[in-house]
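User: I've got a model on the screen and want to talk through how it's put together. Can we go through it piece by piece?

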Amino acid sequence: MVLHLTEIERAWATDDASAGRAMAMRIVTRAAEFLGAENLIKITSAHIDSCLYHGDGGVYFAEKLVEGGAGIMVPATLNAGALDLGNPGVIAADAHYRDMARRQMDAYLVLGCQPTWTCAPYQAGHRPALGAQVAWGESNAIAFVNSVLGARSERYGDFLDICCAVTGCAPDVGLHRTENRRARLVLDVSDLSPALCRLDAFYPVLGAILGREAGDLVGVITGLPSDISEDRLKALGAAAASTGAVGLFHVAGVTPEAATVSDALQGHEPEATINVTVEMVRAARDGLGAGIGDQLDCIALGSPHFSEPETRELARLAADETFRVPVYVCTGRHVIDAIAADGLKEILEARGVIFVIDTCVVVTPILKDISGVLMTNSGKFAHYAKPNTGYTPVFGSLADCVKSAVVGHVVREEAIWA
Amino acid sequence: MGLTLQAEAIIDGAAAGPVLRLAEPISFWGGVDPLSGKIIQPTHPDCGVSIAGKVLVLPGTIGSSSSSAIMLELIREGMAPAAIILSKADAILALGAVVAGELELPMLPVLRCDIDAFETGQWAEIAEGGIIRLGEAD
């Protein structure tokens, strides 16, 4: 495959007068070459994961774009960073870390990106239309924008996302193309009980199964209720994108490219069909985290960032109780502004909630100790808790998390998983 | 007797080192510590093993798009693999190496080929043009 560039694209890659854009163009074209693209396509928006500090290299890269005079050509939102900008003391890190993380976040603002600082930009107003070509980073956001909104993004890694935003174009490969959006795997959940399919905690578990079974194949799930909330699809996609390389999934009768299973398969036969059993569901749930006895040190919620309805549901479940362990709720400014306005933020804080804003507990050091047991309703938190925080995860529903926080040890409703 | 393979050079270059073939796919973010080069994902069968200086053979990559950034940090810290052999093209890791090149740091070869012939412990020499010479396993 030979990559054909337009004259403008070729000129940009060597334009010394705009060194930042030239570097971005070279990176986009290198990526296009090794992905086997024949050309670049225009994009209409980007979501940038590159703003999160992983080490000094990411800071120098962003500052090199800025020094080279680069700016974004399409609207771009920013993913969670490594700092809670309004409450820097919540991050347990040294001055170098804080300084470099801040420099990195600032560089992306200079490039023109919006200070959304959330891994759920699709719940903060950034919702590309069905069929729109976009370049998104952050695995859960990629899964959501493709699957739930039906926009088209390949799985963009750090650096490439911002280079696409700076050049306004992306390699024409993968999930940008209709034929690659076809489901090849069918996951049939019809044998599971309707009660299980109505449980919030079922969705991250199903996502974990999808990620393991699908790897990087597109799958279509059939047998789910047609009224699944957006937050459940968000949880499903986040777990699938953590345990596998899932950038797109379909849910028959629910997601926009899957009115039917046959539509999702684009009329082809599936390469495999998996009937999901309750045994598989239980095993996947335990795989997300079974904890250590009933030990509990903290609760972590909000990966992806908690939405306003999820936060209100937490408050409803908590009722008048006070939590015995810290309950970290990771979310964005789009939610905090809404719940601060009607006093809910203050009420939850009085119960023992610690809001983590602009960032989250698995991407930057926030938790007090380096080990313990962390309970979560998030498949993504469960997957990354141990390597990123040292905490042993235990997975449960939001109601389980609230009950456990109130009594100070892990309690889980087991009957529904039988 | 060694074996010579022709791979597709995603990032061309020469390198040599012992083969480390991972038993399962891995996400570098959350899976590899950029300061030590060690695999830190507790559920990974190769947890605790260092990828630094190895000819790292990957049966696929999964998970976070932040893995490019971990790749760049591994290169900056001198803890990167000597080369990466992928069973399937993936933009995420190679991008980290491309960005290292733009920042005037050393790049490493990233190749794509069938990985059936690779076993942990073999010595691998990679020449420009995607040529891999595989020695016997220890």
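User: How many of the 12 residues of α2(B) are buried?
Analyst: This is a predicted model, where local features need pLDDT of at least 70, side-chain atom pairs count only at pLDDT 80 or more, and totals for chains, interfaces and linings use all residues. Residues are numbered from 1 along each chain as its sequence is written, with chains lettered from A and ligands numbered from 1 in the order in which they are written. Buried means 20 or more other C-beta atoms within 10 Å of the residue's own, with C-beta atoms placed from the backbone. The buried ones include B:A91, B:I92 and B:E102, and the count for α2(B) is 11.

User: And how far does helix α2 of chain B reach from its first C-alpha to its last?
Analyst: Helices here are DSSP runs of H or I with at least four residues, strands are E runs of at least two, and both are numbered from the N terminus. The expected span is 1.5 Å times one less than the number of residues. Helix α2 of chain B covers residues 91–102, and its reach is close to that expectation, at 16 Å.

User: Which residue just after α2(B) takes a positive phi?
Analyst: Look just past the end of the helix, where phi is about 60°. That residue is B:E104.

User: What radius of gyration does chain B have?
Analyst: Chain B has two helices and eight strands, and its C-alpha trace spans about 40 × 35 × 25 Å along the principal axes. The globule rule is 2.2 Å times the number of residues to the power 0.38, with the radius taken over C-alpha atoms. With 138 residues, a compact globule would come out near 14 Å, so chain B agrees with its 13 Å.

User: How many residues does chain B give to the contact with chain A?
Analyst: Residues are in contact if their C-beta atoms, placed from the backbone, lie within 7 Å. Chain A puts in 33 residues, and chain B gives 30.

User: Which elements give two or more residues to the side of chain A that touches chain B?
Analyst: By class, that side of chain A has 14 nonpolar, 12 polar and seven charged residues. Nonpolar covers Ala, Val, Leu, Ile, Met, Phe, Trp, Tyr, Cys and Pro; charged covers Asp, Glu, Lys and Arg; the others, Gly among them, are polar. The elements of chain A are α2 (19–34), α3 (56–67) and α15 (379–389).

Note on methods: Two residues are in contact if their C-beta atoms, placed from the backbone, lie within 7 Å.
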